[in-house]
Amino acid sequence: MLKYISRRLSYTFLVLTLISLVVFLIFALLPADPAALTCGKSCNPQVIEANRRRLGLDVSVWQQWWRFIVGLFQGRTYGEAEALIECPAPAFGYSFNRHECVTKIIAGAFPITLSLALGAFVMWLTIGVTLGVLAARFKGKFVDRASTVFVLIGTSLPTFISGILILLFVVIKFNLVNPLELGDWANPFTDPIGWLKAFFFPCLTLALAYAASYTRFTRSNVLETSSEDYIRTARAKGLSEKVVLRKHTLRAALAPIVTIAGLDFAALLGGAIITEGIYNLAGLGRLSIRAVLVDYDLPIILATTLFAATFVVVMNLIVDILYALIDPRVRVG
Amino acid sequence: MANILELENLSKYFTTTGGGAFSRRKGVVKAVDGVNLTVAEGETVGLVGESGCGKTTVGRTVIKLYEPTAGKIIFEGEDITKYSRSKMKPLRSKMQMIFQDPFASLNPRKTVGSIIQSAFDIHDVKPVGGSEKEIGNLLERVGLNPEHINRFPHEFSGGQRQRIGIARALALKPKLIVADEPVSALDVSIQAQVVNLLDDLQEELKLSYLFIAHDLSVVQHISDRVVVMYLGKVMEEATTQDLFTNPRHPYTKALLSAVPIPDPIIERKRERIILKGDLPSPMNPPSGCVFNTRCWKATDICRTTAPQVLQISPKHSLACHFPE
Amino acid sequence: MKPFLEVKDLSVAFPTPDGLVKAADGISFELNQGETLAIVGESGSGKSVTNLAIMGLHNRAKTQISGSVNINLPDRSIDVISSTEDEVRKLRGSAISMIFQDPMSSLHPYYSVGDQISEAWRIYNKGSKSDGIKRATEMIDLVGIPDAAKRVREFPHQFSGGMRQRVMIAMALVNNPKLIIADEPTTALDVTVQSQIIQLLRDMQKEFNMAILLVTHDLGVVAEVADRVCVMYAGKIVEQAKVDEIYYRPAQPYTVGLLQSIPRVDQLQGKRLNAIQGQPPSLINLPKGCSFAERCEFKKHVAGNLCTEVAPALEEKADQHFARCHLSAAQIQDLAMAAK
């Protein structure tokens with residue numbers, strides 16, 4: 001088992017390094033000249049050159065990449081003699097647009113995205129798995145049929161529709177949250193009510209779509225597992241239906257859900273663009289969209305891409321380890 | 001009588017990667033290791049053994065579904081070992097395979113007629129009188145109703161599906177048929193029907209069979225000669241008569257002793273040889289004679305040296321240091 | 001002493017969109033402790049359905065079951081068919097255990113072997129987890145798996161086929177059942193392993209005086225272990241007798257056909273096998289009259305259309321030898337001789 005984990009860890013490091021390189025290369029190959037873009041209206045070649053030096057773009061791509069990597073561990077200094085800016089480790093870059101270390105910007109946006117992702121995760125797992133198990137257990141009966149309707153609606157409604165619908169017809173109509181305060185950050189540990197007010201409905205919006213497909217997935221998994229021979233053996237041993245379901249069926253049926261849920265969660269950590277937009281949450285999603293569409297703020301784009309990629313890769317590792325813990329057959333070698 | 005098939009020292013190894021890109025711990029499964037076998041024209045050679053003995057791999061390597069790792073395959077006097085796919089193509093019509101699972105080996109989305117038709121299409125064969133008539137003939141020959149030519153596999157029973165598989169194998173008028181456990185998945189009363197059919201077809205069409213099975217009773221009935229395999233190697237080879245009445249290899253003896261006989265009085269009187277232990281993993285075969293871990297006669301030499309092949313009589317050979 | 005298991009007139013049917021599938025019809029037999037009864041049949045004969053009915057493992061909502069299955073314990077008798085699910089459940093794993101055909105798929109892949117055996121034990125015995133593992137280790141050792149203390153923590157996929165079946169047997173025996181139902185226990189195993197498992201079952205039977213209900217299609221295995229045999233065809237018992245009677249004096253054409261159609265390692269037959277023509281009938285549209293009539297070679301010796309019009313009843317043809325046929329036992333034996 002330990003061998004398995006250490007092997008996967010080494011892969012993870014390798015992949016992360018590769019990703020950082022690939023992302024760097026992509027940006028290096030972009031037609032736009034970042035130096036020119038930092039300029040603004042009063043632009044002339046000298047300013048652009050100066051900016052290029054300031055941004056550290058005057059060296060080769062490899063060197064840029066290497067400096068970036070070093071910066072992640074040691075912190076980095078940006079700018080030039082008169083205007084030196086120090087960004088402490090991990091230094092993801094410096095946004096000349098906003099005049100701030102990117103790390104700080106991300107640190108500000110991340111808790112919001114984390115709250116959204118985590119809240120939605122808990123919600124969709126609870127709803128999805130519970131409903132799926134009930135639908136399988138009472139196959140053909142009302143619960144099952146109701147769940148089918150739910151699945152249909154959930155998977156058909158995109159978040160920008162369901163989000164707006166919820167916003168208009170629930171939040172605003174019943175005045176649950178002051179529209180002017182929508183998206184205000186509240187620390188969940190010091191101000192739980194405030195946090196709930198800010199995040200309950202966004203999480204719900206996000207959760208609905210996932211809950212629907214998890215319901216369907218759980219249901220079919222549970223049904224399939226129920227017809228396995230080892231479930232018949234469990235009954236033949238004299239176990240009650242409840243114990244059979246809980247200990248035998250669910251453990252086998254829910255294992256694949258662990259994998260998928262982990263990966264879905266990881267993807268959300270990069271930012272839920274639409275939901276954040278609708279509810280005015282200043283999370284990573286909004287940050288990256290702004291950086292791409294409005295500001296063309298390369299350091300931020302670079303950082304958020306890497307940040308999101310890291311989560312996915314790390315989550316892959318965690319999920320693989322978890323799966324090995326659940327399913328002993330995977331632990332070979 | 002010429003030999004339609006000759007296997008000389010045939011080996012097929014599978015590599016397994018036990019480890020990732022960083023730890024190159026490769027394992028090798030010697031599924032088939034130095035097998036010598038011949039099938040004469042019009043003969044049925046039974047290939048028997050338990051799981052992991054390599055008999056299925058031999059069958060698939062013979063028709064080149066797998067590329068051999070070493071050794072030679074000589075078909076009708078031609079050395080086809082290194083033949084590429086394109087060179088094999090014209091020969092494929094002469095050697096066909098029947099598979100074990102009648103439920104899995106027919107494409108469920110194609111009608112029976114089109115399954116057999118594809119055999120004609122692949123080899124560009126245009127039967128005299130039209131393909132539909134020929135397909136009808138084939139179905140009749142295997143005991144099915146030619147009017148069912150447009151039915152789908154799921155509309156047939158297991159035994160009937162196996163017959164369809166046989167019809168398909170016969171479509172191109174092969175000389176050699178490799179039958180891989182053709183009756184194991186069938187009910188007992190249907191097994192007899194299909195075995196009889198195979199017998200009849202052999203007589204009528206002068207076919208040669210390589211009959212791979214684990215059921216010794218069936219093999220005994222249909223084969224002229226039998227080859228016994230264990231963990232990739234041939235243990236004993238003899239005519240059916242000789243092997244079943246006078247087995248000389250301890251493994252063959254144990255195997256025969258383990259087969260239950262449908263006769264209570266005989267069963268009660270029988271002396272059973274019960275082998276101890278389990279089949280070793282093909283990934284880790286024992287050194288020396290592969291059977292030594294379970295053989296009651298094993299001595300040091302068995303554990304260190306692989307036995308040479310002893311020719312006891314012209315058609316009876318075995319690989320053992322201490323034949324019975 | 002009353003027989004441990006008394007099956008009377010058991011019938012199991014499944015309603016399907018295409019009609020009612022009469023999987024088992026009027027099954028009756030008895031089984032005493034220490035005895036082995038073999039139920040022989042091919043697919044569709046109803047043998048597995050009968051098995052599951054004895055354990056009460058059918059889905060009551062989707063199955064029509066009638067008749068009685070009496071389990072005669074020392075202190076009380078329970079009819080599986082008419083009792084509640086709870087009452088029947090208390091029999092499973094304690095008084096009656098079952099072993100299945102494919103030990104790989106019949107063991108939970110995620111739990112260790114020891115955990116699964118321990119679970120079976122702890123349903124009926126008060127004990128901690130470590131007590132359970134101790135008991136599991138004893139059982140694994142009992143069924144002949146070497147290195148039991150180490151292997152008890154391993155998972156099913158780490159065992160070979162034969163070893164897994166031993167684990168299943170260990171699990172089935174952990175609560176000292178009086179009856180073991182073995183559903184094709186050796187079909188998926190290699191023949192040398194098969195003989196080990198059969199030997200194990202016989203040893204266990206002797207040690208614990210258990211009854212064994214063996215369901216199989218392998219007539220060789222039946223000859224090896226059975227005391228009595230029931231032959232099933234198309235959902236009905238067509239012959240029932242002591243093992244020697246069945247093999248040497250069969251009184252039903254299907255039995256005769258089966259025995260003559262199987263090749264034997266000790267008889268070098270050069271000639272064709274005496275195969276039974278045709279196929280088993282559909283269980284939804286069972287023919288009027290005898291279900292075996294359309295495949296029967298001896299039908300022509302019965303006057304008129306009796307075979308296709310009237311379904312024969314299960315009658316006692318000789319001492320404790322029952323068969324379902326319009327012909328007499330003597331007639332059948334003569335015809336069987338001639339057919340050879």
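Accessible areas come from the Shrake-Rupley method with a 1.4 Å probe; for residues, only the protein chains shown count as cover. Every view below shows a predicted model.

**View 1. Chain B as a whole, with 11 helices and 12 strands.** The radius of gyration of chain B is 21 Å, close to the 20 Å that the globule rule gives for 324 residues, so this chain is as compact as a globular protein of that length. Along the principal axes, its C-alpha atoms fill a box of roughly 65 × 60 × 40 Å. How much of chain B counts as buried? The share is 55% of its 324 residues. The chain exposes about 14,100 Å², and carbon and sulfur atoms supply 51% of that area. Now think about contacts in chain B with a separation of 6 or more: 62% of them come from residues 24 or more positions apart.

**View 2. An open sheet of eight strands in chain C.** Let your eye walk across the strands in the order β6-β7-β8-β3-β9-β10-β12-β11, and note that the pairing is mixed. The edges belong to β6 (96-99) and β11 (315-318) of chain C; each has a single partner strand, so one side of each is left without a neighbour in the sheet. Neighbouring strands here are turned by 20° against each other on average, direction ignored. Two helices of chain C pack on this sheet. Helix α1 (residues 47-55) touches β3, β6, β7 (179-183), β8 and β9 (228-233) of chain C, and its direction makes about 145° with that of β6(C). Helix α7 (residues 161-173) touches β6 and β7 of chain C, at about 170° to the direction of β6(C).

**View 3. Strand β3 of chain C with its partners β8 and β9.** Strands of a sheet pair through backbone hydrogen bonds, either parallel or antiparallel. Strand β3 (residues 36-40) runs parallel to β8 (residues 211-216) of chain C, and five bridges join them. β3(C) also pairs with β9(C) in the parallel sense, over four bridges. Which residue of β8(C) is the bridge partner of Leu37(C)? That is Leu213(C). In β9(C), Leu37(C) stands opposite Arg228(C).

**View 4. Strand β9 of chain C, largely enclosed by the rest of the structure.** Six of the six residues of β9(C) are buried. In a regular strand the side chains alternate between the two faces of the sheet. Here, Arg228(C), Cys230(C) and Met232(C) point one way, while Val229(C), Val231(C) and Tyr233(C) point the other way. β9(C) runs antiparallel to β10 (residues 236-242) of chain C, joined by six bridges. Look for Val231(C), whose bridge partner in β10(C) is Glu239(C). The two strands form a hairpin with two residues between them, and in the turn Ala234(C) has a positive phi of about 50°.

**View 5. An open sheet of four strands in chain C.** The order is β2-β1-β4-β5, with antiparallel pairing. Which strands stand at the edges? They are β2 (19-31) and β5 (77-79) of chain C; each has a single partner strand, so one side of each is left without a neighbour in the sheet. From one strand to the next, the twist averages 15°. β1 (residues 5-16) of chain C and β2(C) pair over nine bridges in the antiparallel sense. One place to look is Thr16(C), which has Gly19(C) as its bridge partner in β2(C).

Terms used:
Residues numbered from 1 in each chain as written. Chains lettered and ligands numbered in written order. Predicted model: local features only at pLDDT ≥ 70, side-chain atom pairs only at ≥ 80, totals over all residues. Heavy atoms only, no water. Pairing = 2+ DSSP bridges. Axes fitted to C-alpha atoms, helices over the stretch in contact; angles between N-to-C directions. Contact = heavy atoms within 4.5 Å. Rg over C-alpha atoms; globule rule 2.2 N^0.38 Å. Buried < 20%, exposed > 50% of the residue type's maximum accessible area, 1.4 Å probe, protein only.
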